[in-house]
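Here are some notes on this model, for your review.

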Amino acid sequence: METLATHAARLALTRPHDLVFGRAPRPVRCGLGPLEIGGGRVYPEVNFTLPEMEITCETWPRVKAQYHQMVTGILQRVCELNVPGLVLEFEHLPPMTEQPAWGEEITALIRGLMAEAHRVHGIPMALRVTIVDLRDAQRPPRLRTGRELEVMLESLRRCARAGADILSIESVGGKEVNDAAMLEADLAGTIAGTAVLGARDMELLWRHIVAIAEETGCVAGGDSACGFANTAMVLADQRRLPAVFAAVVRALGAAQSAV
């Protein structure tokens, strides 16, 4: 098995001028069309979420109706603008990962709406599903074993089978170290939490995500490290953290994405 150090020792792009936005050494083809990502054309990716509301068995019909309305509106606008391609991101709220059947149901709903829009208008589309990392429900978090990890993996599998094209996560490994360090503007502690502990944890998660993607024919989409970087951005907006420090934390998230 290759380690993180092995990956970091060689670059996919060896010359700086080859690093061009929208181009990748190995473009990814997925979804309806299919959509080619990294082939030279840049596509919008649209993220959306519910207005503030409870997610329970009683409110579930309203939740589904709200997603239907949001996605229908997005696809209508995309088709009106004749966008050359699109990625929609269904980012789970915690109950949708905690109850894998709920995340699966919304994934199938969105995929059905996308398939109809693609059939009528021919626009290439792909669906990214980003699950919630449930492992920090207890402190210290159990990262490598336990019920939370098993539920997360089941949620990924069910969403993949329901129509997800890209599987992603916002991981929390190392976040308890990172959060404490950020409140003290401790750069060394932040690097340890994000680029060392977080990256090591993502190696574990990445193996699981890749295995599920290969099993279901999806693309393993990786980790944006938003659980770290977005926290820094919010703290900076509240003037509890220097904006420059928050920008550094955002850049450090590349360590997890690179895994």
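1. A term first: buried means under 20% relative accessible area, and exposed means over 50%. The model is a predicted one.

2. Start with helix H2, residues 60–81. It has 22 residues. From first C-alpha to last it reaches 32 Å, close to the 32 Å expected at 1.5 Å a residue.

3. Which residues of H2 are buried? They are Trp 60, Val 63, Tyr 67, Met 70, Val 71, Ile 74, Leu 75, Val 78 and Cys 79. Their arc around the axis is only 160 degrees, so they lie on the same side of H2. The general rule is that an α-helix has 3.6 residues a turn, so residues three or four places apart point the same way.

4. The other side of H2 has exposed residues: Pro 61, Arg 62, Gln 69 and Glu 80.

5. What covers the buried residues of H2? The cover includes three strands, S3 (45–48), S4 (86–91) and S5 (125–132). It also includes helices H3 (94–98) and H4 (100–121).

6. Check the residue after H2. Asn 82 follows the helix, and its phi is positive, near 55 degrees.

7. Now the pair H8 (residues 226–237) and H9 (residues 243–252). These helices pack at an angle of about 170 degrees, with axes 8 Å apart. Angles over 145 degrees count as roughly antiparallel, so H8 is roughly antiparallel to H9.

8. On the H8 side, the contact uses Cys 226, Phe 228, Ala 229, Asn 230, Ala 232, Met 233 and Ala 236. H9 supplies Ala 243, Ala 246, Val 249 and Arg 250. By class, the contact has 9 nonpolar, 1 polar and 1 charged residues.

Methods: Residues numbered from 1 in each chain as written. Predicted model: local features only at pLDDT ≥ 70, side-chain atom pairs only at ≥ 80, totals over all residues. Heavy atoms only, no water. Helix = DSSP H or I, 4+ residues; strand = E, 2+ residues; numbered from the N terminus. Expected span 1.5 Å × (residues − 1). Buried < 20%, exposed > 50% of the residue type's maximum accessible area, 1.4 Å probe, protein only. Arc of directions from axis to C-beta. Contact = heavy atoms within 4.5 Å. Axes fitted to C-alpha atoms, helices over the stretch in contact; angles between N-to-C directions. Parallel < 35°, antiparallel > 145°, perpendicular 65-115°, else oblique. Nonpolar A, V, L, I, M, F, W, Y, C, P; charged D, E, K, R; others polar.
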